[in-house]
Amino acid sequence: MTSKMIMRGMIGFYILLFFGYLFGPLAVMGITAFNTPNYPQAYPFEAFTLDWFVKLWNHRSMMDGLKNSIIIGIGVVAISVPVGLAASIIMSQIYHRARGLYYLVTISPLLTPGVIIGISTVIFWKDVMSVTDLTKGLFYKGIILTILGQASFVSAYCLLIFMARLTRFDRAQEEAALDLGASYPQVFWHILLPYLKPAVVSAVVIGFLSSFENYNTTTFAILADKTLVTVLAGEVRQGTTPALSALAVIIIGISLLGAIGYEIAKRREQTRADRAYRQAQIAERDEVEAIA
Amino acid sequence: MSSRAFVFIIPVIVIAIFWVMAVREAKRRPDPTRKGFFERNGVVLGSVFIALVAFWTLFLVALPYLYMVVESFHPALPPMKRGGPDDVVTIAQYSSFVVNPTIGAVNWLHMSALLFSIIASIAVTALNFAICYPLAYYMAQAGTPQKIRLLMLGLIVPYWVNEILRAFSLRLLLASRGLINQALMGLDITDAPIDFLGNNTGLYVGLSYAYLLVMMFPLYNAIESLDKNQIEAARDLGAPWWRIHRDVVIPYAKPGIASGCTMVFMLSVGSLAAPQFLGGPRTLWFTAVIYDFFFQSFNWPRGAAYAFIMLIVCIALVMAMLRLFKVSLGEAIK
Amino acid sequence: MSAGVELDRVTVRFGEFTAVDNATLDIKGGEFFSFLGPSGCGKTTILRTVSGFLEPTHGHVRIGGQDMSGIGPNKRPTALIFQNLALFPLMSVAENITYGLRVRGVDKASRRKKADELLDLIALPGQGDKLVSELSGGQKQRVAIARALAVQPKVLLLDEPLSALDLKLRQHMRSELRSIQQKVGITFIYITHDQGEALTMSDRIAVMSDGVIQQIGDGKAVYDAPTTAFVASFVGENNPFPGIVAQADDNYATVDTAFGRLRGRNPRGAKAGDKAILFVRPESARLGQGETDTTFASTVKNVAFEGNMTHVYLEGIGKKDVTVSVGRRSSMTIPAPHEATPICYDAELGIVLPEGMLARE
């Protein structure tokens, strides 16, 4: 009994340490965002201030970077989600001998260091665009290259998300729709796509976030442009300012809101499912009584 | 351009080979359930699918990679000389990794940078495994559903803050004016601040912190599917806790462990932010060398060659490890 | 509106494996026709060939006299009820039922009307807005039927749709299915491995084994006058006595079995010297002495009381097992275990069939 209690105590202590490790640095950074000294310091806490948030708002290049990050994120999602969806459908239908190679090619961006993805994207597209004489035009731009580079691995994330859901898809649904007279495209739009909708939502969210946060690929592909992350990297390299802490506070705040929203949505869905299940149980009981 | 143009032909040939194989096999052994791709998806939708995936796999994945490799076998030339008579195929960029061309001596600097990156990454991988395994096991085998949901959320939320800011937060903690040194000095444990960043503590902590989640989820998924009865049975047979883990849990979770370790290792070697912001001034990470070829000396072919060397060495190492622990590549990259 | 289904020398191969071998049969319009056989016998393959998910390797499927070659499942006048029902979980009950109309471009108001009509037919009035997950097993069953009927198929194909239900409900649904079939009057093709279902519902039954149709006939014919050893052993219980035919004429044959020389009907015209199996059903046999060529010796092993019947398990010569079932009203006295007793039967209830594969238990 006592050894069990010691065990539980140790587990609790370990979990505390683990999450202390995860959240500790962020918490300290959060405090520095509201402290007055120029150097981000948590202790001693001199006076409460919101100046750093104002500074952040007035930080021109950071706001430009944020704008670019959002554009890139939208662009990456616009490419990667359809690509990931198409790739997962082809994965489920592909000629079986080619599946291994196909899987390797599609998943390789996840195992390739981001640095290499960035470099190869720049080298390849620079030449392609110079041959097609697009270099001077609209396309050979950091934003476009970054979208292409990020899309290469974000598509692979999306593929995995869609594949995970597709493997649980009941093929009989597809056949039932066909049998009722639906054409193959109708099956896709009426049956498969609604089924995949939760995966589409996850793919959009995860795709956007991983694009937004990406540094390794972006830093090469962005050329002369900038994203929020590359601006941040520049700032951190130059020195330290509590304005960065303020930014982190905002991001954490938004993610917490997102997490809470997600939790509420999940709970609602669960309640609905529970209600349906109870109704089915009642119907089941009534049915048995009706026969007897 | 000719030596580069052939890059475009390779994927076409590979696709053609598989196409011919598929057609021949379909003729040899007809399968009544088999429907043509366009028959199954409709011509419009099928074409869209193929176009999307072809664009991705060819123009975003295969061709850029192949192209980078080809580029690494060329000399660095100013734009107007590219494709001219000087633009020959050469292994100079690779040999420069071994022998420094400017001073003609063995290139210890770069080789040791690669070696250091790899060894440090192995250390970080081991560290993360040690940190994550107990929690993954606890969540997978002992937690109630609500508790697991909460823990999951707790794991994910910090990762919505990007890599750079997370590195920044660690720097605030570990700097000579940081909270930890303040505490150490305040408690009179030390009287001069410890240089955590200079002695690379910051680097290791930063890398470990950055990829904790990447280890956590494969481990959790692998252990979660283990039947609780197996552990009960082992316990009933009187196995001590460490033997249960050594003989039951770890062998079962091996594919997940392999997958987590592979990902952490690859990400860690390829990471740019943590070494940049948390490494000591004398520490040279291999990606930083590559970075400098691109942005300081503008020698793209050499940067590409170094990137390719890094990729090959890492893949070789991962494959060797997987073979050592008898895990197939397919299991590890699931 | 109903249509007949004709299989004309249909063979379906998957690579080297032959799932259906040269099947020919003619299902009449409006008939309730069942395919009965153990799993893997090819009955589902036949169903999928009729519905158009598979193309036969050789031969033709005709529905209402029309060749179906090259016509996809969405263009055939058939509707399929899947084993797991395959209701669309993201659609309401009414949307499920009228999905076939939606893809045919029928407008919303007519769809709603049709849904109400069909909900009445399946005794779920006013439940169209429910989710599928809110229904009981039997209700889901009915919705699946309504969904299939909504497209006014000429042939309804059912792939063991009752297998997921529990016993009581299954028996209830049998009669419901039969009455729906009589109401709508279209051809039903029913796939099952459960002989009870096949026998109670069907006009005719095709018994299948290993891709081959063994026998086609109504329930009585399949049960009382099996034409192959497989059918005799698969449909209902049967005691097989393999041996060599000793004498034969047009009506009767005697077989030299391990139990002695025994007599039975000879529907397949076995000749002296042929290898054959004599079948005697447990309920056709009696404990007691009869004529010499329909009586053999045995010892009681154990007795199982099963309500309406009592099964007596006996051991004959050479440790061969024999079962005799005794009806409740029978005045027969049942001997205790280890007692010896003769077993006899009426010669017209024994049946001599050519040697062939038996159904696995």
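Author: In strand E18 of chain C, Gly327(C) is the bridge partner of Met309(C). Strands (E, at least two residues) and helices (H or I, at least four) are DSSP runs numbered from the N terminus. This is a predicted model, in which local features need pLDDT of at least 70, side-chain atom pairs count only at pLDDT 80 or more, and totals for chains, interfaces and linings use all residues. Residues are numbered from 1 along each chain as its sequence is written, with chains lettered from A and ligands numbered from 1 in the order in which they are written.

Reader: How many bridges join strand E17 of chain C to E18(C)?

Author: Strands of a sheet pair through backbone hydrogen bonds, either parallel or antiparallel. Two strands pair if DSSP finds at least two bridges between them. E17(C) (residues 309–315) and E18(C) run antiparallel, joined by 7 bridges.

Reader: Which side chains of E18(C) are buried?

Author: A residue is buried if 20 or more other C-beta atoms, placed from the backbone, lie within 10 Å of its own, exposed if 12 or fewer, and partly exposed in between. Val322(C), Val324(C) and Val326(C) are buried and point to one face.

Reader: In what order do the strands of the open sheet in chain C lie?

Author: The order of the 6 strands is E6-E7-E8-E3-E9-E10, with mixed pairing. E6(C) (78–81) and E10(C) (212–217) are the edge strands, each pairing on one side only. E9(C) (residues 204–209) pairs with E10(C) in the antiparallel sense over 5 bridges, and Ala206(C) stands opposite Ile216(C).
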